Amino acid sequence: WNLAIFGNIARSEQTHTDAVKTLIDKYGLEDPAVDAIGTFSNPELQELYDNLVDQGSNSLRDALEVGVAIEEIDILDLAEYMAETDNEDVTLVYENLMKGSRNHLRAFVSTLEKQGFEYAPQYLSQDEYEDIISSPVERGKGSK
């Protein structure tokens, strides 16, 4: 859709992927990633991806709303994963990913508003959503 936000967030997501890959390598885990862009080994993720790509292809508004929805889902998933670990390395990465997702959510919502559209949360509660939107941009910790 020729908006900088999509490229900027894609580059940021690559940084997030690299951080997770570092953990996978450090702890000798099997990497579930598939080399082909848009292909996932997890069938649920593949279906979600395919559905969101279809939805986001309809219009700029739809693409931005898909971006917000992805960040909402990420925030909920990360909160669940953080509650399931006591590993400091993993917690640090999850905390930084969470900050990134909240920042991306803010950026997508701001861009939607600049385009003249309103957004209502699809996955987060209204209170969680408002707390994120009303707070300032966050920076990661443990970064070099």
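A search of the whole structure finds four aromatic pairs, where rings of Phe, Tyr and Trp (its six-membered ring) pair if their centres lie within 6.5 Å, and planes under 30 degrees apart count as stacked, over 60 as edge-to-face and the rest as tilted. A pair of aromatic rings is described by the distance of the centres and the angle of the planes. Take F6 and F108: their ring centres are 6.1 Å apart with 50° between the planes, a tilted pair. F6 sits in helix 1 (residues 4–26) and F108 in helix 4 (residues 88–114), so this pair ties together parts that are 102 residues apart in sequence. F6 counts as partly exposed because its relative accessibility is 24%, while F108, at 5%, counts as buried. Here buried means under 20% relative accessible area, exposed over 50%, and partly exposed in between (1.4 Å probe, protein chains only).

F40 and Y49 form another of the pairs: their ring centres lie 5.3 Å apart and their planes stand at 55°, so this pair is tilted. F40 is partly exposed at 36% relative accessibility, and Y49 is partly exposed at 31%.

Before going further, a word on what you are looking at. This is a predicted model, in which local features need pLDDT of at least 70 and side-chain atom pairs count only at pLDDT 80 or more, while totals for chains, interfaces and linings use all residues. Residues are numbered from 1 along each chain as its sequence is written, and side-chain values use heavy atoms, with hydrogens and water left out.

Now step back to the whole fold. The protein chain has five helices and zero strands, so the elements read α-α-α-α-α from the N terminus on; helices (H or I, at least four residues) and strands (E, at least two) are DSSP runs, numbered from the N terminus. A compact globule of 144 residues would have a radius of gyration near 15 Å, and the 16 Å of the protein chain agrees with that. The radius is taken over C-alpha atoms, and the globule rule is 2.2 Å times the number of residues to the power 0.38. Along its principal axes, the C-alpha trace spans about 45 × 35 × 30 Å. Buried residues make up 31% of the 144 residues.

Contacts tell a related story. Of the contacts with a separation of 6 or more, 73% are between residues 24 or more positions apart, with contact meaning heavy atoms within 4.5 Å. E65, in helix 3 (residues 60–83), is a residue to look at here. E65 counts as buried, at 15% relative accessibility. Leaving aside neighbours within four places in sequence, E65 is in contact with L112, E118, Y119 and Q122.

Q55 lies in helix 2 (residues 43–56) and is partly exposed, with a relative accessible area of 30%. Not counting residues up to four places away in sequence, Q55 touches D62 and V66. The C-alpha atoms of Q55 and V66 are separated by 7.3 Å, and the two residues are 11 apart along the chain.

Finally, visit the start of the chain. N2 is found in the segment before helix 1 and is exposed, with a relative accessible area of 79%. Most residues other than glycine have a negative phi. The phi of N2, however, is near 60°, a positive value in a residue other than glycine.
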